[in-house]
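Thanks for coming, everyone. Let me put the model up, and then we'll walk through the strands and one surface patch.

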Amino acid sequence: MSIEVGAKLKGKVSGITNFGAFIDLGEGKTGLVHISEVSNGFVKDIHDVLSIGDEVTVVVTAIGNDGKIGLSIRKAEAKPEEKRDFPKKEFNRSSPKKSFSRNQPTNVNKQDFDSLMSSFLKDSDDRLSSLRRNTEGKRGGRGGRRN
C-alpha cells in the first residue's frame, strides 16, 4: 500500500496529545491528525471526539521530506449538504429606482438636517474632550500634566 497525498486510508488511533492524534496506518507508518482537522466544528478537547483504539478514515494531506505524514479526518468525511432553514430572499424589482441629480430639489427639510448636524457635532466634541481628559496624563515620560 503506497501512501500518497489525497489517498483515503483506514487507521487506528495510537496516541492522543493536546494538539492532535497519532494514527497507525499499518506497515509501520504513523501519521498525525491536527486537532483542527478532527471535526468540522470547534474541538476544545480532542478526548471528547477520539480515544485510543478508535478506527478512523483519514485523508493524507501532506508528506514531509522527513517522512512525517499529515492526515485529516474532517476531509475524509462526506460533506453534508447545506440545509437552509429559511427561504431564499427574493428582491422585488417591479418599481424602477429613482435617480437624483444635483438640479432636482429633494424633500429633505433643511432645518431638520441642521439640527441633526448640530447635535452630532456637540456629541462628538463631548466625546473628544472626555477622551483627551482621560489620556492626557498617560502619555509617559517624566513630569506632570501639560497644559
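How many bridges join S1 to strand S2, and in which sense do they run? Five bridges, and the two strands run antiparallel. S2 covers residues 20-26. A hairpin of two residues joins S1 to S2.

Some ground rules. This is a predicted model, with local features needing pLDDT of at least 70, side-chain atom pairs counting only at pLDDT 80 or more, and totals for chains, interfaces and linings using all residues. Residues are numbered from 1 along each chain as its sequence is written, and side-chain values use heavy atoms, with hydrogens and water left out.

Strands (E, at least two residues) and helices (H or I, at least four) are DSSP runs, numbered from the N terminus. Two strands pair if DSSP finds at least two bridges between them.

S1, residues 8-17, pairs with S4, residues 55-63, in the antiparallel sense over five bridges. There, Lys8 has Val59 in S4 as its bridge partner.

S3 is next. Three bridges join S3, residues 29-34, to S5, residues 69-72, and these run parallel. Gly31 is bridged to Ile69 in S5.

Last, the surface. Phe113, Met117, Phe120 and Leu121 form a nonpolar patch there. Phe120 sits in helix H1, residues 110-135.

Methods:
Patch = residues over 30% accessible without salt bridge, like charges linked within 9 Å, V, L, I, M, F, W, Y side chains within 5 Å. Areas by Shrake-Rupley, 256 points an atom, 1.4 Å probe, with all protein chains shown as cover. Salt bridge = Lys/Arg side-chain N within 4 Å of Asp/Glu carboxyl O.
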